[in-house]
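Look over the structure below before reading on.

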Amino acid sequence: MSEKMLTFVKIEQQNPNKRKVKTRIEDFKEVYDQFISQRAKEQSSRCSQCGVPFCQIHCPLHNNIPDWLKLTAEGRLQEANDLAHSTNNMPEICGRICPQDRLCEGNCVIEQSGHGTVTIGSVEKYITDTAWDKGWIKPIKILREKDQSVGIVGSGPAGLACAEELRKSGYKVTIYDRYDRPGGLLIYGIPNFKLEKFVVQRRTNLLKESGIIFKQNIEVGRDITLEDLKKKHDAVLIATGVYKAREINLPGHNLKNVFPAMKFLIASNRKGLGDKVQEFDNGTLNAQNKDIVVIGGGDTAMDCVRTAVRQNAKSVKCLYRRDKENMPGSAREVFNAEEEGVEFIWLSSPIKFIGSDKIAAVTVQKMKLGKPDSSGRRTPEPIPNSDFEIKADLAIKALGFDPEDLQKLFNHSELSISKWGTIKINLTSMETNIPGVFAAGDIVRGASLVVWAIRDGRDAALAIKKYLEQKKINKIKAA
Ligand SMILES: Cc1cc2nc3c(=O)[nH]c(=O)nc-3n(C[C@H](O)[C@H](O)[C@H](O)COP(=O)(O)OP(=O)(O)OC[C@H]3O[C@@H](n4cnc5c(N)ncnc54)[C@H](O)[C@@H]3O)c2cc1C
Ligand code: SF4
């Protein structure tokens, strides 16, 4: 513990009630900042600067991790921040919510040798948060705006990263989004306790100050067509994410208080943003004092159980049809949820929602793992006569997401779609089968990660720049 921290603790012990609360908060922040800064330096200096940076290879953005760790260890934070931003449009967001155990940190050489990973994500967060605090992060200033413009559909991480890269090159950029706030799942999907909303808003405000135009509450397909966008802009990017919730149509699925995960999470996020949310305020979408059952084993299910805990639920149970080892979600998230008191009922599957008007219980069947399927995962099989009931005031279905019917949504039957409903692109040019229309993020990959959406957005920006330059050359030649 540092000298300052020891003094602080001593003062607190001697005069617990005498000092003003404001001063205590300020003192605490100073001590806390000092602690975080010390920890970041310690962690950074643990990096062995090994010859083969596996962390960098396994980061989807190939962030120059060893170099920014070295700069942090030397106290050269401004340079570390510049380096972090050279490959990533939102390092403070990735530092908070990347599943590092599966990416950079999981491949750290020190972790592999059994000595515990360098906490890369938290150092990345520290570098960028410090840069924001110190005012080092500034809006883009362009010397001469180009006369070509790009329309981007969707303001999630893929759309935002592409917009920023194009703006840096001087293009006019307009983002259209059907939500009232920009950010996509960063703002309305991922809960506040994992990603504070001011962190997202700080980024989107910066992009507005950089001259990117945001048009909210505009649904492409309903309020404006893809054809309109093609006429209005020189190129279009579709980055609309995946939003069709996977269903389980069990008996009783129409009972009140059985909700899809996004409905529950959006209500909670809106509340955190200070909105008036009637269904939350009247208790319908609020887990307080209720027995909650969440169905699913992915990261969205983990976000739901952990949100319910924070809303002071009476009990929170999670049903998953496979065992812990075969869960799709991050092991770290399961560990966190267990620590917070969530009860996992492994090898269990709901077969009926029970209740007269509202849900009162879920009938659950026990499962066992059978032979591996074509993907190599063992298939869950029901155990006959193993049913049991669990009490539920609120059931949340978190079984994953598929793309919406885009041909119908955009009223564009020619748009080429894969058998999974995602948009087909040329992987080199990132262009769809419609000339001048590109696509990136979850709508191409299927439900994935923020860091991959950023990567796709950056790649799309490069491809769009190439396309626009060629378009300009063709125009000059034709003149
Ligand atoms: C609950 C939840 C938690 C998650 N947690 C994590 C996590 O901890 N870490 C992580 O890395 N990833 C996480 N993810 C995944 C991550 O959020 C996504 O992979 C990422 O946001 C995809 O980015 P995107 O830009 O492709 O799409 P999105 O973020 O989904 O953004 C798409 C945008 O397009 C808009 N849009 C859609 N259709 C239209 C239309 N027709 N017209 C206009 N606008 C439209 C939407 O309103 C939205 O704003 C989570 C996902 C969920 C659902
Ligand atoms: S972007 Fe994600 S994977 Fe890459 S270094 Fe940061 S936390 Fe690790």
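Which residue stands opposite Ile396 in E14? The residue is Phe259. This is a predicted model, in which local features need pLDDT of at least 70 and side-chain atom pairs count only at pLDDT 80 or more, while totals for chains, interfaces and linings use all residues. Residues are numbered from 1 along each chain as its sequence is written, chains are lettered from A and ligands numbered from 1 in the order in which they are written, and side-chain values use heavy atoms, with hydrogens and water left out.

Strand E14 covers residues 394-397. Helices (H or I, at least four residues) and strands (E, at least two) are DSSP runs, numbered from the N terminus. Two strands pair if DSSP finds at least two bridges between them. Strand E6 (residues 258-260) runs parallel to E14 and is joined to E14 by three bridges. Strand E7 (residues 291-295) also pairs with E14 in the parallel sense, over four bridges. Within that pairing, Ile295 has Lys397 as its bridge partner.

In a regular strand the side chains alternate between the two faces of the sheet. In E14, Leu394 and Ile396 point one way, Ala395 and Lys397 point the other way, and all are buried. Buried means under 20% relative accessible area, exposed over 50%, and partly exposed in between (1.4 Å probe, protein chains only).

On a 1 Å grid over the protein atoms alone, a cavity is a set of points where a 1.4 Å probe fits but cannot get out, and a pocket is an open set with protein on both sides within 12 Å along at least five of seven lines; lining residues have an atom within 4 Å of a point. Grid points are joined across faces, edges and corners, and a volume is the space filled by probe spheres set on the points. There are four cavities of 30 Å³ or more. The largest cavity holds about 120 Å³ of space. Its lining has 17 residues, and Cys47, Cys50, Cys55, Cys108 and Val109 are the closest to its centre. Helix H4 (65-73) gives three residues, the largest share of this lining. The buried residues of H4 are Ile65, Pro66, Trp68, Leu69, Leu71 and Thr72.

Which space does ligand 2 take? The space is the second largest cavity, where a molecule sits in a cavity or pocket if more than half of its atoms lie within 2 Å of its grid points. About 100 Å³ of space lies in this second largest cavity. Of its 14 lining residues, Cys59, Asn63, Cys98, Cys104 and Glu124 are the closest to its centre. Those five are also among the residues around ligand 2, where near means that a heavy atom lies within 4 Å.

Cys59 is in the loop between H3 and H4. Cys59 counts as buried because its relative accessibility is 8%. Cys59 and Trp452 are 393 residues apart in sequence, but 9.3 Å apart in space, C-alpha to C-alpha.
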